[in-house]
Amino acid sequence: MKRYDLYSKHDPTKNFSPLPNEVFYLGLSYGAIAVYGYLMHIEDRKTFQSYASYNTIGRAVKMSANTVRKYVLELEDKCLIRTEPTTVVTRDGRKRNGTLRYHIRPIREAVDHYHERQLSQLELAVERQKAQARLSQLCAAQEPPLPAGHPTTPPTVERGVSGLCGPVCRVGGLSDFQNGQVNRGVEKSAG
């Protein structure tokens, strides 16, 4: 009976595929991580390139070719890989599309790209908040003062846009939007 050494020394360059820790913090889906891991597994360590069809990757990670394509596009969007089409010349001299060539990009680029996106989303959210505050100020300035003792009710969905802004917007309530009619700046006629 052979006894296995549980603590044998492994050569890190053989039988292992490096996967950067940052991959788990970039908001990737589980399928994209699986595809990225397989691409890291088959890449040439000197050129940082790998060649595989969607079907080959799909067989390895147990996904269909269309699903693999979706995750490859996600990896490209996150700047983890870059793809490049290849061509093959058949024996009879015709050119055909080959498999994609995957270039594994440095993880630092992907992290920087992720942080830039986060900052731009934050800036967009701040701009939206400023616009909402400005709209609230305009609406408050246009609404007539309520008589003393009148209960104030917060705006509701039923009151729609006109309930929020009063005479500034002059647009009908939510029902106009639900019916597909939009009165842009025109007061509704009572008829």
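This is a predicted model: local features need pLDDT of at least 70, side-chain atom pairs count only at pLDDT 80 or more; totals for chains, interfaces and linings use all residues.
Me: OK. Which residues are linked in a network of salt bridges?
Reply: R82, E84 and R101 are linked that way.

Me: How many salt bridges does the structure hold?
Reply: Seven.

Me: Why would such side chains pair at all?
Reply: Side chains of opposite charge can pair when their charged atoms come close.

Me: What does R117 form a salt bridge with?
Reply: R117 pairs with D77, and the closest N and O atoms are 2.6 Å apart. This pair links distant parts of the chain, since R117 sits in helix α4 (residues 107–142) and D77 in helix α3 (residues 65–77), 40 residues apart.

Me: Is R117 buried, partly exposed or exposed? And where does D77 fall?
Reply: R117 has a relative accessible area of 32%, so it counts as partly exposed. D77 is partly exposed too, at 38% relative accessibility.

Me: What about R45, which partner does that one have?
Reply: R45 forms a salt bridge with E43, with 3.4 Å between the closest N and O atoms. R45 is partly exposed at 35% relative accessible area, whereas E43 is at 9%.

Me: Why does E43 count as buried?
Reply: Because buried means under 20% relative accessible area, and E43 has 9% relative accessibility.

Me: And E109, what is its partner?
Reply: E109 bridges to R105, the closest N and O atoms being 2.8 Å apart. E109 is partly exposed at 35% relative accessibility, and R105 is partly exposed at 27%.

Me: Switching to the sheet. In what order do the strands come?
Reply: The order is β1-β3-β2, in an open sheet of three strands with antiparallel pairing.

Me: Which strands stand at the edges?
Reply: β1 (49–52) and β2 (81–89) do; each has a single partner strand, so one side of each is left without a neighbour in the sheet. On average, neighbouring strands of this sheet are turned by 35° against each other, direction ignored.

Me: How many bridges join β1 and β3?
Reply: Four, in the antiparallel sense, with β3 covering residues 95–104. In this sheet, Q49 stands opposite H103 in β3.

Me: What lies across β2 and β3?
Reply: Helix α3 does, running at about 125° to β2. D77, the partner of R117, is in that helix.

Conventions. Residues are numbered from 1 along each chain as its sequence is written. Side-chain values use heavy atoms; hydrogens and water are left out. A salt bridge is a side-chain nitrogen of Lys or Arg within 4 Å of a carboxyl oxygen of Asp or Glu. Buried means under 20% relative accessible area, exposed over 50%, partly exposed in between (1.4 Å probe, protein chains only). Helices (H or I, at least four residues) and strands (E, at least two) are DSSP runs, numbered from the N terminus. Two strands pair if DSSP finds at least two bridges between them. Axes are lines fitted to C-alpha atoms, for helices over the stretch in contact, and angles run from 0 to 180 degrees between N-to-C directions. Contact means heavy atoms within 4.5 Å.
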